[in-house]
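Take a look at the model below. Keep it in view as you read, and find each part as it is named.

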Amino acid sequence: MNLPIKTWFDALLHCQTKGKSYVLVTLLATAGSTPRNNGTKMLVCDDRAYDTIGGGHLEFEVIKQARTLLASQTTTQKVEHYPLSSKLGQCCGGATNVLFEVFTQHCKHLAIFGAGHVSQALVPILAQLPLQISWIDNRQEMFDELSQLNLAPNVKLQFNEFPTDCIASLPSDSWIVVMTHNHQLDFEIVESALQRQDVSFVGMIGSQTKARRFKTRLAHREHNQQTIQRLVSPVGLLDIPGKRPIEVAVSIAAQLIQRLASASPSESNSKQQWISQKQLMATLDKSQ
């Protein structure tokens, strides 16, 4: 049973593992009488807030501002000055600077079909990345064994007698990696995945020969070349040698890491989203 989330620290861990956007709020500097001291934190999501910076109208306004920043879907920082006067509905007489740190999670969903040796080597690697992983197989005995492992919170085991049925329920922009124990099942999953235009990556393990045969079969089923070319097979970086499960897993993980990096904001854009230390200190000095 999951324990209730009470502190901002627990909430931060929860948001990170679930790929949920959040704002970390910190009382950065206080003067005079204030409800809480410097360094007090709370965490705000789109649906609820965790912990407290003292309650009252200050907290109400801070939560409102945090959700406004969340709506912009941009990772950023901002400092606001709040005098605790009658204007704010509080009569403490002090003042506080509040730091808003906005973390917008663009957490990719990855569906891995097949629970064999390669995927058993691959999943622990990928679980350390900002991914939500559905691990799907139609062999109950495999999951009886895997369920005994200490899997990461962002990995969900999913048994389904008909794995292709899982494709329709995947989130938009999902990635799919196919590596089942059965070539016919691989083909059915690939064909079903390619029929979803909003699935942004379809990769399949196998040889160049297997890839050619699958693409020929897809063409015979009257799939157009644009659809067929979306299939990435053999999946993984081909310049990483080796056929051991861990070697193949590292190759696939490296390719997915490249894709994650290319989908992230550039370093220069990222820097522009953050307030510089000089700007931050200038804001604080102005409010003193």
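This is a predicted model: local features need pLDDT of at least 70, side-chain atom pairs count only at pLDDT 80 or more; totals for chains, interfaces and linings use all residues.

As one point of reference, Ile136 has Gln158 of β8 as its bridge partner.

Next, look at the nonpolar residues. The largest nonpolar core has 27 residues. Among those with the most contacts inside this core are Leu110, Ile112, Ile133 and Leu256. Which elements give two or more residues to the core? They are β6 (108–113), α3 (117–126), β7 (131–137), α4 (140–146), β9 (175–178) and α8 (245–263). α8 gives the most, with six residues. Beyond its neighbours within four places in sequence, Ile133 is in contact with residues including Leu110, Ile112, Val123 and Leu126. There is also a second, separate core of 21 residues. Ala111, Phe113, Ile176 and Phe214 are included in it.

Phe214 leads us to helix α6. Phe214 is buried there, and so are Lys210, Ala211 and Leu218. Seen down the axis of α6, the buried residues fall within an arc of 100 degrees, so they line one face of the helix. An α-helix has 3.6 residues a turn, so residues three or four places apart point the same way. What do the buried residues of α6 pack against? They pack against α5, β10 and α7 (225–228). Turn to the face away from the buried side. That face carries the exposed residues Arg212, Arg213 and His220. Helix α6 covers residues 208–220, 13 residues, and reaches 18 Å from its first C-alpha to its last. That is close to the 18 Å expected at 1.5 Å a residue.

Glu191 is found in helix α5. Glu191 counts as buried because its relative accessibility is 12%, and the cut-off for buried is under 20%. Leaving aside neighbours within four places in sequence, Glu191 is in contact with Leu218, Arg221 and His223. Arg196 lies in the loop between α5 (183–194) and β10 (201–204). Arg196 counts as buried too, at 15% relative accessibility. Its contacts beyond four places in sequence include Ile167, Pro171 and Arg230.

Finish with the backbone. Most residues other than glycine have a negative phi, and most peptide bonds are trans. Asp173 sits in the loop between β8 and β9 and is partly exposed, at 36%. Glu222 has a positive phi near 70 degrees. Glu222 lies in the loop between α6 and α7 and is exposed, at 75%. Last, the peptide bond from Ser233 to Pro234 is cis, with omega near 0 degrees. Pro234 is in the loop between β11 and α8.

Key:
Residues are numbered from 1 along each chain as its sequence is written. Side-chain values use heavy atoms; hydrogens and water are left out. Helices (H or I, at least four residues) and strands (E, at least two) are DSSP runs, numbered from the N terminus. Buried means under 20% relative accessible area, exposed over 50%, partly exposed in between (1.4 Å probe, protein chains only). Contact means heavy atoms within 4.5 Å. A nonpolar core is a set of buried Ala, Val, Leu, Ile, Met, Phe, Trp, Tyr and Cys residues joined through side-chain atoms within 4.5 Å. Two strands pair if DSSP finds at least two bridges between them. The expected span of a helix is 1.5 Å times one less than its number of residues. The arc is that of the directions from the helix axis to the C-beta atoms.
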